[in-house]
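Biologist: Can you take me through this model? I would like to start with how the chains meet.

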Amino acid sequence: MKDTVDPAPSVNLEEIIVCPQCDAVYHLKVPKVGEKAVCERCHTVLIEPRKKAGLKIIAIAIATFVLILGATFFPFLDIDAAGNKNSVSVMDAALAFSSGPLLLLSLATAALIMLVPLARVMLTLYVLVPIVLDLPPARHAMQAFRLSQALQPWSMAEIFALGCAVALVKIADLATVGFGPAFWMFCGLVVLIVAQDKFMCKWSVWNSLENPKKS
Amino acid sequence: MVGMEFAGKSQKILSAREMGLVACTRCTRAWPIGTPVCQRCGHKMLSRDFGSMQRVWAFWVVGLMCYIPANMYPMLKTRTLFQVDESTIVGGAVELAHHGSYGIAFIILLASVAIPLAKFWAIAYLAVSVKTRNAAAHRSRHVMYEIVEYIGRWSMIDIFVVAILSSLVQLKTLATINPGPASMFFALSVIFTMLSAQAFDSRLIWDTNAFDGDPDQHV
């Protein structure tokens with residue numbers, strides 16, 4: 001028994017959507033703004049358009065960009081135990097493993113906390129700004145958007161923020177720990193990164209890249 | 001929330017493979033089966049990635065191999081005025097429990113021991129269940145897959161805590177904390193299990209029809 005059939009000539013490939021998680025095929029029916037289309041069998045969200053999502057995402061991306069730079073170089077925690085003081089920035093924390101073979105770990109940490117989120121922000125801006133301005137898509141915009149999707153699981157800023165909380169609890173009885181400006185920037189950053197992923201409807205972006213508006 | 005309409009005439013949900021199509025897993029666009037690269041976004045397409053099982057198992061084994069030294073070597077080297085203390089993951093948690101911090105000890109054991117082990121078991125179970133074509137419980141296996149994918153990244157929290165502590169607690173003679181060799185193995189273990197979970201082709205969970213003969217002859 002063959003488990004595949006030859007493509008039915010009647011199917012218009014532009015009018016169907018396939019769930020990326022479970023391969024279920026649906027007739028494309030774009031939901032209204034505020035509603036979402038969900039795969040019936042694995043419940044993956046397929047399309048979720050939002051009002052003025054493009055502008056909101058761009059605004060969030062610019063704010064994220066500024067906050068990442070700030071949060072990287074300002075001190076985010078300082079410690080005070082019996083007169084011995086130390087304050088560290090995210091950069092210092094990422095470079096904590098800088099001796100011997102642990103250097104690799106240092107680079108990986110820096111990449112996961114700062115470089116990957118930063119790269120995703122820039123890719124997002126590169127793809128979305130022309131779309132929102134009704135210009136033709138930027139060169140290689142599709143590859144750029146694909147890369148930014150592939151990087152998503154490796155962007156770990158929000159995990160780092162929770163790590164801060166755990167570290168604080170661990171040394172709370174050893175010393176007095178204070179928050180620097182970058183700590184609050186990091187908290188804001190976490191909210192922004194979550195909001196950006198929430199507003200982003202991937203299908204809508206692919207659709208606009210494929211069918212750019214004629215201006 | 002609106003449901004999508006089914007493409008088939010009947011109410012049975014058809015997979016793209018059953019309709020003779022191949023779909024791009026990045027941008028959801030469908031193409032005739034055999035199309036190698038998505039014409040819209042340029043992502044490589046395979047109707048079912050049978051070779052993925054080898055990658056899943058390869059990354060899984062490396063992840064497990066890294067997890068063993070991660071538990072045997074010290075994670076943190078704490079030096080206070082009079083003593084040097086090197087504690088492993090489990091040792092550190094036991095010590096915290098002795099000092100009465102049962103809550104934190106529990107969280108550490110959960111995040112660094114229970115969740116990684118559960119993750120190894122879950123990936124292995126999914127990979128085996130696809131091979132044996134266990135037709136039941138598509139939905140619960142899919143939920144399991146999504147949990148594994150979601151939770152995988154959060155294990156990095158341990159590494160970040162070590163990074164924060166060892167950069168922050170550098171108080172000259174009073175106390176210093178430095179990372180131990182286990183931190184690198186633990187990070188590698190997390191990264192390889194993430195790669196293993198990403199290599200898994202979740203569409204295989206939903207296939208009920210047995211494939212005939214050698215699966216490699218299919219596209």
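Modeller: Two residues are in contact if their C-beta atoms, placed from the backbone, lie within 7 Å. This is a predicted model: local features need pLDDT of at least 70, side-chain atom pairs count only at pLDDT 80 or more, and totals for chains, interfaces and linings use all residues. Residues are numbered from 1 along each chain as its sequence is written, with chains lettered from A and ligands numbered from 1 in the order in which they are written.

Biologist: How many residues does the contact take from chain B and from chain A?

Modeller: Chain B gives 61 residues and chain A gives 69.

Biologist: Which helix has the largest share of the chain B side?

Modeller: Helix 5 of chain B, with ten residues; helices here are DSSP runs of H or I, at least four residues, numbered from the N terminus.

Biologist: Switching topic: how do helix 3 and helix 4 of chain B pack?

Modeller: Their axes, lines fitted to C-alpha atoms over the stretch in contact, with angles from 0 to 180 degrees between N-to-C directions, are 10 Å apart at an angle of about 140°. Helix 3 of chain B (residues 102–131) and helix 4 of chain B (residues 138–152) are therefore oblique to each other. Angles under 35 degrees count as roughly parallel, over 145 as roughly antiparallel, 65 to 115 as roughly perpendicular and the rest as oblique.

Biologist: Which residues make that contact?

Modeller: Among them are B:Ile115, B:Ala122 and B:Leu126 of helix 3 of chain B, and B:Met144, B:Tyr145 and B:Val148 of helix 4 of chain B.

Biologist: And what does B:Ala187 touch?

Modeller: Leaving out residues up to four places away in sequence, B:Ala187 touches A:Leu105, A:Ala108 and B:Ile159.

Notes
Helix = DSSP H or I, 4+ residues; strand = E, 2+ residues; numbered from the N terminus.
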